[in-house]
Amino acid sequence: MPIISLNRTDVFFGRERELVRIRECLNDPGFVIVTGMRGSGKTAILRKLHGENPSRTTLIDMRCADIREVHEGIPDFRRIMALARTVEWNILIDSMPPEPSAFREAWKMSSMYSMGCAVSTTYSRHLLDLIEEGIPELAIVNIPPLRDRETENYIRMKAPKFRATAAGLDYIYRLTEGLPLFIDSFLNVLSDGVIYGPALLEENFTAKFQQIAFPWMVELSQLSPVEKRILSDLCDAPIPEGAVGDEEIEGLELRGLVELRGGEWHLTSKLLLRVLTELRKQVGCL
């Protein structure tokens with residue numbers, strides 16, 4: 001039996017400082033970018049904010065909508081916007097695609113109706129630079145990964161039946177980089193009644209890799225063949241700046257998958273490297 005369910009949303013861990021900062025920024029300047037690594041808990045934070053005051057907060061998942069449709073107005077949304085003119089209202093937009101124009105549309109919408117707006121997106125310095133160029137006033141709140149002790153506490157709260165050695169807990173922290181989504185994905189394939197050490201956890205990771213890495217697999221499925229080739233090449237070594245065209249790599253940079261450091265392109269995450277390496281090993285390609 002799995003230790004936890006991926007559908008369980010009734011447990012929220014920490015992030016008090018980030019929540020306070022987002023609440024402050026919703027009041028002034030009124031438009032907030034909530035960013036962080038993929039799986040850091042941005043969606044959980046927006047759901048927490050919505051749950052605190054659902055009668056005056058609207059939560060929109062952009063994986064299931066389009067910013068133009070939202071701005072043009074669905075009937076229920078028009079009613080919400082009318083209310084926003086007379087009462088304090090916040091709109092929370094989750095998983096915004098990495099398109100600067102979409103953020104400008106969200107900012108125009110929030111300004112037009114005088115409401116606070118928090119928009120979440122995967123961290124990309126390049127994307128944030130482009131957003132800041134087009135929006136006069138905004139705040140950026142970064143959601144960091146959990147630290148080692150926080151990861152241990154998160155696991156004990158989220159999955160109280162899970163048992164592991166100290167080395168096993170350290171293995172999970174190093175593998176997942178303290179990202180709650182991937183901690184959950186890993187725990188979800190384990191069973192209670194077992195004491196897990198690094199060797200057994202590694203065995204489970206390899207055997208159930210496709211389930212654990214599902215959030216990354218969804219992201220990779222949306223990439224072009226050229227983008228997949230670049231990621232595959234980066235598994236072996238950094239790519240010098242200029243070795244690939246700007247257009248070829250810009251999409252990956254905006255998605256927060258690659259970054260430029262010291263004149264070379266790198267993958268942004270050791271976890272991403274492990275996922276890509278394992279994928280190539282098991283499937284033969286990306």
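These legends describe close-up views of a predicted model of a protein chain.

Figure 1. Of its 286 residues, 47% count as buried. The accessible surface of the chain comes to about 14200 Å², and carbon and sulfur atoms account for 50% of that surface. Among contacts between residues at least 6 apart in sequence, 75% join residues at least 24 apart.

**Figure 2. The cis peptide bond between Asp28 and Pro29.** The bond that leads from Asp28 to Pro29 is cis, and its omega is near 20 degrees. Most peptide bonds are trans. Pro29 sits in the loop that runs between helix H1 (16–27) and strand E1 (31–36).

**Figure 3. Ser114 in the loop between helix H5 and strand E4.** Helix H5 covers residues 100–112 and strand E4 covers residues 116–122, with Ser114 in the loop between them. The phi of Ser114 is near 50 degrees, a positive value in a residue other than glycine. Most residues other than glycine have a negative phi. Ser114 counts as exposed because its relative accessibility is 61%, and the cut-off for exposed is over 50%.

**Figure 4. Glu177 in the loop between helices H8 and H9.** This loop joins helix H8 (166–176) to helix H9 (180–187). Glu177 is not a glycine, yet its phi is positive, at about 60 degrees.

**Figure 5. Helix H9 and what covers it.** Helix H9 is mostly covered, with seven of its eight residues buried. The buried residues in H9 are Pro180, Phe182, Ile183, Asp184, Ser185, Phe186 and Leu187. Their cover includes helix H7 (148–158), H8 and H10. Helix H11 (209–212), helix H12 (214–221) and H15 are also among the elements that cover these residues.

**Figure 6. The crossing of helices H7 and H8.** The axes of H7 and H8 come within 10 Å and cross at roughly 110 degrees. H7 is therefore roughly perpendicular to H8. On the H7 side, the contact is made by Asp148, Thr151, Glu152, Ile155 and Arg156. On the H8 side, Leu169, Ile172 and Tyr173 take part. The residues of this contact divide into four nonpolar, one polar and three charged.

**Figure 7. The crossing of helices H10 and H15.** Helix H10 spans residues 198–207 and helix H15 spans residues 270–283. Their axes come within 11 Å and cross at roughly 60 degrees. H10 is therefore oblique to H15. Glu202, Phe205 and Thr206 in H10 meet Arg274, Glu278 and Gln282 in H15. One nonpolar, two polar and three charged residues make up the contact of H10 with H15.

**Figure 8. The open sheet of strands E8, E10 and E9.** Three strands form an open sheet in the order E8-E10-E9, and their pairing is antiparallel. Strand E8 (239–240) and strand E9 (258–261) are the edge strands, each pairing on one side only. Strands of a sheet pair through backbone hydrogen bonds, either parallel or antiparallel. Two bridges link E8 to strand E10 (residues 264–267) in the antiparallel sense. Across from Ile239 stands Trp265 in E10.

**Figure 9. The hairpin of strands E9 and E10.** E9 and E10 run antiparallel and are joined by four bridges. Glu259 has His266 in E10 as its bridge partner. The hairpin has two residues between the strands, and Gly262 takes a positive phi near 60 degrees in this hairpin.

**Figure 10. Helix H13 lying across E8, E9 and E10.** Pro225 is one of the residues in helix H13. With a relative accessible area of 68%, Pro225 is exposed.

**Figure 11. Pro225 and Leu286, apart in sequence and in space.** Pro225 and Leu286 are 61 residues apart in sequence. From C-alpha to C-alpha, Pro225 and Leu286 are 8.7 Å apart in space.

Note on methods: Residues numbered from 1 in each chain as written. Predicted model: local features only at pLDDT ≥ 70, side-chain atom pairs only at ≥ 80, totals over all residues. Heavy atoms only, no water. Buried < 20%, exposed > 50% of the residue type's maximum accessible area, 1.4 Å probe, protein only. Contact = heavy atoms within 4.5 Å. Areas by Shrake-Rupley, 256 points an atom, 1.4 Å probe, with all protein chains shown as cover. Axes fitted to C-alpha atoms, helices over the stretch in contact; angles between N-to-C directions. Parallel < 35°, antiparallel > 145°, perpendicular 65-115°, else oblique. Nonpolar A, V, L, I, M, F, W, Y, C, P; charged D, E, K, R; others polar. Pairing = 2+ DSSP bridges.
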